Amino acid sequence: MTDFAESTFHDFSSADASLLRAAAVACEGRSDSPLRLLDIGCGTGAILGALASAYGVTICTGIDISQQNAEEARNRLGRLGPGVVANIIAADYMRTELPLADVVISGSTLHLINAPFEAIFGKICRETALGGRLVFSVPSDCLANSLLCW
């Protein structure tokens, strides 16, 4: 795995740090250049930014329903230099055509998309390059997470 400084993970919640570690493993050994990343529900772009910083030449596509998050993600990725091409979109994922990606990432977002899982994963499959990988997390259905919804 690319050598992420341990301090990199301290900047993330434990769930996001786990997602970042899994995404880093998914990126390893990819001969694609540039590496094409897609983050569904990218938020402020922290995970895309960490991966792009680690892997250098990348094309990062992020989509988030929040205009404010998308703007923050654009700013974050815009500071990473000329090797990183960032396309950050504020839109509804299911209504937006996106380019092929080698690694698709989604942290605690897929369950919030208002569509049947078959439709969501069908769209993800169409946007994942041959041999590509999907790394995603969904929150646990437990009392603590249920209370957070209230």
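Predicted model: local features only at pLDDT ≥ 70, side-chain atom pairs only at ≥ 80, totals over all residues.
## The end of helix 3

The buried residues are Ile47, Leu48, Gly49, Ala50, Leu51, Ala52 and Tyr55.

Helix 3 also belongs to a right-handed β-α-β unit, which it makes together with strand 1 and strand 2. The two strands of this unit run parallel and are joined by 6 bridges, with strand 2 covering residues 58–64.

The strands form an open sheet of 5, paired in parallel and arranged in the order 3-2-1-4-5. Its edges are strand 3 (84–90) and strand 5 (128–137), each of which pairs on one side only, and the twist from one strand to the next averages 15°.

Strand 1 (residues 35–40) pairs with strand 4 (residues 101–107) in the parallel sense over 3 bridges. Leu37 has a bridge partner in each neighbouring strand, namely Val103 in strand 4 and Cys60 in strand 2. Strand 1 is mostly covered, with 5 of its 6 residues buried.

## Helices packed on the sheet

Helix 2 (residues 14–27) packs on the sheet and touches strand 1, strand 4 and strand 5, its direction making about 165° with that of strand 5. Helix 5 (residues 117–126) likewise packs on the sheet and touches strand 1, strand 4 and strand 5, but its direction makes about 135° with that of strand 5.

In soluble globular proteins, nonpolar side chains tend to be buried together. The largest nonpolar core in this model has 26 residues, and those with the most contacts inside it are Leu37 and Leu51.

Once neighbours within four places in sequence are left aside, the contacts of Leu37 are Cys27, Leu48, Leu51, Thr58, Ile59, Cys60, Thr61, Ala101 and Val103. Among these, Leu48 and Leu51 are buried residues of helix 3, while Cys60 and Val103 are the bridge partners of Leu37 already named. A second, separate core has 12 residues, including Ile40, Ile63, Tyr93 and Ala101.

Note on methods
Residues numbered from 1 in each chain as written. Heavy atoms only, no water. Pairing = 2+ DSSP bridges. Helix = DSSP H or I, 4+ residues; strand = E, 2+ residues; numbered from the N terminus. Axes fitted to C-alpha atoms, helices over the stretch in contact; angles between N-to-C directions. Contact = heavy atoms within 4.5 Å. Core = buried A, V, L, I, M, F, W, Y, C linked by side-chain atoms within 4.5 Å. Buried < 20%, exposed > 50% of the residue type's maximum accessible area, 1.4 Å probe, protein only. Right-handed = clockwise from strand over helix to strand, strands pointing away.
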